[in-house]
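Subject: Structure handover and notes

Dear colleague,

The structure you asked about is placed below.

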Amino acid sequence: MELDLRTQALAKAREAGVEFVHLQFIDIVGGIKSVTIPAARFADCLTFGAWFDGSAIEGRARVVEGDLYLHPDPATFAVLPWEPVPTGRVICNLMDPDGLQFPTDPRYALQAVLAEAEDLGLRYRVACELEFFLFEDHGDETANGRLDPIDHHSYFELPSGRAAQICQATTSALTEAGLDVESMHHEVGPSQFEIDLAEVDALRAADSIVTLKWALRAFARRQELLASFMPKPRADAPGSGLHFHQVLLDLRTGENVLFDPVGQHQLSSVARHFVAGQLAHGRGMCALLAPLVNSYKRLSGGDEAPARIIWARTNRSALIRVPEVNQRTVMRIELRAGDPSCNPYLALAAMLKAGLDGIRNEIPLPEPVEDSLFGGDGVQDELADPLPSELGAALEELDWDPVVRSAIGQAIYERFLAAKEREWASFRSHISTWELQSYLDSA
C-alpha cells in the first residue's frame, strides 16, 4: 500500500509538472514549518527521507540532538494552485538518525494514541468545523489592532465578493488535494466564516486542518486580506471555534459503536464512558484545545462558547454536545472548546486518550444540562464545574492531569509547557492600552 501511494504521488507530481516540493511538518505549538526540495529529489526523499537541522525549531530539540529526518507521508501529497510555479506539498513525520519516530513530533503523538484505540478494536474518526475571520490587510496597522471587516453580513447570509472567492478557491484546492469539504457559510460576526471538513480518520483530520489554514492564508494574501485564526480578535464579535465531531467505529465491522437505539439518549455504554472520560479530563485538555492567552477571552465571553464542563443534546454552551440522530445522521460526539489556534495533532491525541480512559475505567456519565449557562441562572452554576478562565490556570490543570500528559508524551509536554509559560509570563508583565487609559491619570 505504501509503495502504491508513493507511485501515485510521483505520478501526480510528473503530470502537474511540479518543480519544487515543500516537505511540511508541524512544531509543538502548531506552527507550520517547511523544507523545500527540487522535484528531482522527491523520489529519493520518499524512500530515504530528507535530513535537516532541527535544533532551531520551537520546542523541537537541543542543539546536541538536532539531526533529524523528514519522512514524507505520500498520502498527503498535493499540488498547490497558489504557487507561482508548479509546486507540491507533502506532510512529514520526524525521524531520528536511527530511523525511529522522534518523540517530540506532534503527528507521532496522535499516531501513538490511535494505535491504543486500535488495540481496543476502535477506529477514531473526526469531522471539523473551523471558524475564522477575514480582515483588510493593512500590514503593521492590522497587527496593531486595525481590524477592518470586509462585510457586515451575519449568520448564513451568502458570502460575496472577495470572501466568496477565497472560500470557493480554498474548497477547490482542498478537493484537488483529495480532501472532502462538507459546506461553508457566513458565521455570526462581520467578516466571520466557517468551513466544515467531512468525517475522516483522525490523522487525516489533523492533516486537513493544517492544509485548510495554510490554503486560506495563501488565497487571502492574493486578495490583500488577512485570514485570522485568532480565537477572539474583536471584543464586539463572537470568537472563532474549532469544533470536533467525533465518531468511534468497530475496527472489524466498521459499525458506529456510539449508537444504541434502546440506550438512554440513544448512547451505547461505550459512548457514555467516552463522553464521561472527556468531561473528567476537560480541564486537563484545555491548554491543548485552547492554547493562547486570547483563547480564554472566547471561552469566557458567552456567544455559545463553552465555559462549563457539562454535556447536552441541544445546549450549545456545553463543553460536549451529542446531537439528536435520525435515520439520515450518525451518532457523533461534538467537543466545542477547541479553537483554530490549537495544534490539531495534540488536541486530538488528548481528546482520544481522555475518552479511552473513560472507557477503560467505566467512568459514569452525569445527566445532561440543557439550560443555557448564559442566562444568569445561579442554579445552573451549581450544576457544573468551570473550565479554566485563563491560560495560566489551564497550564496548571494540564500539569495535574497524568492522562492528558501521557497522551502527548513527556518530551512534548515539557517543551509545550515551557513555550506556554513564557507566553503567559510575557502577557502578565505587559502594560496594556486599557490599563493606561483607565489608570494613568486617575489612580
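In these notes, buried means a relative accessible area under 20%, exposed means over 50%, and partly exposed is anything in between, with a 1.4 Å probe and protein chains only. The model is predicted: local features need pLDDT of at least 70 and side-chain atom pairs count only at pLDDT 80 or more, while totals for chains, interfaces and linings use all residues. Residues are numbered from 1 along each chain as its sequence is written, and side-chain values use heavy atoms, with hydrogens and water left out.

Cysteines

C286 is buried, with a relative accessible area of 1%. C167 is also buried, at 3%. Taking a disulfide as a pair of cysteine sulfur atoms within 2.5 Å, a search of the whole structure finds zero. For C167, the nearest cysteine sulfur belongs to C128 and is 17 Å away. For C286, the nearest is that of C342, at 11 Å.

Helix packing

Helices (H or I, at least four residues) and strands (E, at least two) are DSSP runs, numbered from the N terminus. Two packed helices are described by the angle between their axes and the distance between the axes. Axes are lines fitted to C-alpha atoms, for helices over the stretch in contact, and angles run from 0 to 180 degrees between N-to-C directions. Angles under 35 degrees count as roughly parallel, over 145 as roughly antiparallel, 65 to 115 as roughly perpendicular and the rest as oblique. A crossing is left-handed if the near helix is turned anticlockwise from the far one by less than a right angle, and right-handed if clockwise. Contact means heavy atoms within 4.5 Å. For residue classes, Ala, Val, Leu, Ile, Met, Phe, Trp, Tyr, Cys and Pro count as nonpolar, Asp, Glu, Lys and Arg as charged, and the others, Gly among them, as polar.

α8 packs against α10 (residues 344–360) at an angle of about 165°, with the axes 9 Å apart. The pair is therefore roughly antiparallel, and the crossing is left-handed. On the α8 side the residues are M285, L288 and L289, which meet L346, A347, A350, M351 and A354 of α10. By class, this contact has eight nonpolar, no polar and no charged residues.

α6 also packs with α10, at about 150° and with the axes 9 Å apart. These two helices are roughly antiparallel as well, but α6 passes α10 in a right-handed crossing. P344, Y345 and L348 of α10 meet A202, L203, A205, A206, D207, I209 and V210 of α6. This contact has nine nonpolar, no polar and one charged residues.

In α12 (391–399), the buried residues are L391, G392, A394, L395, E397 and L398. Their cover includes α8 (282–289), α9 (295–299), α13 (402–408) and α14 (410–429).

Loop residues

T76 sits in the loop between β4 (67–72) and β5 (78–80) and is buried, with a relative accessible area of 7%. Apart from neighbours within four places in sequence, T76 is in contact with R89, V90, I91, R107, R204 and D207.

Most residues other than glycine have a negative phi. E224, in the loop between α6 (202–222) and β10 (225–228), has a positive phi of about 55° and is exposed at 61%. H265, between β11 (242–250) and α7 (269–280), has a positive phi near 60° and is partly exposed at 24%.

Regards
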